[in-house]
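Reader: I would like to learn how to read a few features of a structure. Please give the general idea each time, and then the case at hand.

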Amino acid sequence: MTAERICDVCGTANPPTAEFCRVCDTYFGWDGEHGPPGATGAPASGPAAAGTTTAHAGGSPLGTPGFGAAGAGTGTATGTAPGSDLRPEERAEVPVVSPDHAAVVVGPDAPGSFTLSLKNASPVVDGMVVHAVAPPPWLVVTHDDANLMPGEGRAVTVTLAARPEVLVVAQTLEVPVLVRSSLDPTKAAKVTVHLTVPPYGPPPTMTARPHLLQLTDETAGSFTVTLDNRAANHPRHYPLVVQDAEDVVRADVVPPSVDVPAGEAVDVRVRFTAPAPEAGRDVTRQLTVTGEDPDGPVSATVTVVQRTSPEEEPEPFTVRLDPSHLHVVGTETAAFDVIVDNRAADDGLGVEVAGRDPQRLVAFSFGHSRFVVPGGKAMRVHALVRTSAPAPGTAASRPFSVVVTDGEREVEATGMLDVTAPAAPITTARLLVQPANLTTQGRQGTYAVDVDNRAGASTLQVSLSAADDSGRARLTFSHPQVAVPAGQVGRVQLTVDAPLPAGGTTAQRSVKVVASDGSRSVEAQATLTQTARDWRPVAKRWFVWLGAIAVILGTLVPWLGGRVVDFELLVQRASDGDEVAIGLAAAIGSTVLVAVLALVMLLGLNGSGGRLIRGSAILIALLAVGALVVESTVVGAPVVTTGVPVILTGAVLGFIGGVLARPRASG
């Protein structure tokens, strides 16, 4: 691995391929076998070699005294190279610069440049830095590479440019520029740059606001002129003049001369007066505002339209309505007065009064349609207007006028009739059904239906109807037609008769109640919940108990008459093979088993499906019939099976109870 190159001047470690020290710019090309003329060809070793390298790194100019001694010496070079023990910044010299004056022109997209001849007068490699002293914030200074060998001279180009997107005002200024040593910033030479930013940009634009003025019965007006110089970098000065083609307009410009700074816009107020046109005529004038500077004129045009109202001939009399704006609510008639004023004349005036309605919706009635107004007086006449009412809950405006004529001319006074029709009571009515949720175990349910007209302004007349969602219920009202005065609540009863659901179930139906006045309606909802009692569990128990009792009674019927059987003899004879005894013993055993099954049937009440009950009933019936058949066949007549009919009746009852015990879904 190649060792780093250590600078003998400042001690900084540099890459092995470096030619200059990255801190002090000491030139490494003279180190070792690349040393200057006069150096030994083979690098020395040990302390002497180190001394020799230090002398080379000192960078003495070629041909300076002591260079060959430093290169050929075998001991330390400190004693043989003058000044080699100084730091690079202590050995730096003031750069030699020419010329000391320059002139540069900088535009917005055109940087300016000048050339400096630089020379490194120091015995070490030095990088020259060119920078401006306290430059304006928009100025950017750059220059070519200026790393110089000792004693080396080079022409370096210095470029001055404006920062992008910055408007630089046209100007000329002196910019001090320093060329300094990078080793010792105090070693610097000054160059004075005469910097010029030339004027550039288009002429300013002139606009007027508003560009159209309309004057009615007026002779004076004003508008604003804007001079926009935001695209140029130099100021403008314009004296402003306002002219018109007829030269009859007199204008006052404030200020009369305007300075427009670079990159800014200025508003100027223009006030003018123009002679009024003849009565009843219009005139259009073009006003031109002009400003001129050495680069040429700028202008803006304003159009002024003047109107003068025609002269009105004096009326011999006047007419007014009192009031002229009428408001009526809930009625179709309004009253007002017509006042005919003849105080401007000395003679009496005979007039005729009539009404006009452009919509043909208003009828007029005057207290006097013809009368004479004495001279110097005013006369008041009462009048009525009638109109049709608008739709309920809406308002309408009916313009009208009253015309008074004296036979030669007419004088008209206008009025307005605003008619407001109250809203229909149904629009503010409310319908309430109480209770909202009704639960019953019967077929019928009763509701209270309230028709609320407390917000209405008139009597509410409605017809009531109701229906359920299934359509199977019969719904009746105590009063199907209801008239409810304004501000009150009317109540009727609604009876709902609906079939009950299956036993043990619940049915819910929605009931809708509607109140209608023939055009609109209001609705309310209620719920009817019907619950039917399930009699199956009760009937099941009764049938099973009765069946069990009947079975047990049927087994006891043969013994209730006092009959006694010698069971030992019966058993002995049966064991001897007596068929009658065997049949009788079998019948007795069957009846005993039937009684036991009756008890088992009762135990089946604790189950949920009734299967044990039904099975016991079937076995009871089979055993009873079998015992009867055996006894009748063997013995010849019923003896212990005389209660079989009762047993069979109990078995049937028990079986019915078992059927009722089955779940409804499976039944």
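Author: Let us begin with contacts, where a contact means heavy atoms within 4.5 Å. In the protein chain, residues 24 or more positions apart account for 64% of the contacts with a separation of 6 or more. This is a predicted model, in which local features need pLDDT of at least 70 and side-chain atom pairs count only at pLDDT 80 or more, while totals for chains, interfaces and linings use all residues. Residues are numbered from 1 along each chain as its sequence is written, and side-chain values use heavy atoms, with hydrogens and water left out.

Reader: Which residues of α5 are buried, and why do they line one face of the helix?

Author: An α-helix has 3.6 residues a turn, so residues three or four places apart point the same way. Buried means under 20% relative accessible area, exposed over 50%, and partly exposed in between, with a 1.4 Å probe and protein chains only. The buried residues of α5 are Lys540, Val544, Gly547, Ala548, Ala550, Val551, Gly554 and Thr555. Seen down the axis of α5, they fall within an arc of 165° (taken from the directions from the helix axis to the C-beta atoms), so these buried residues line one face of the helix.

Reader: Is Asp452 buried or exposed, and what does Asp452 touch?

Author: Asp452 has 6% relative accessibility and therefore counts as buried. Setting aside residues up to four places away in sequence, Asp452 touches Thr428, Ala429, Arg430, Gln488 and Val489. Across the protein chain, buried residues make up 38% of the 667 residues.

Terms used:
Helix = DSSP H or I, 4+ residues; strand = E, 2+ residues; numbered from the N terminus.
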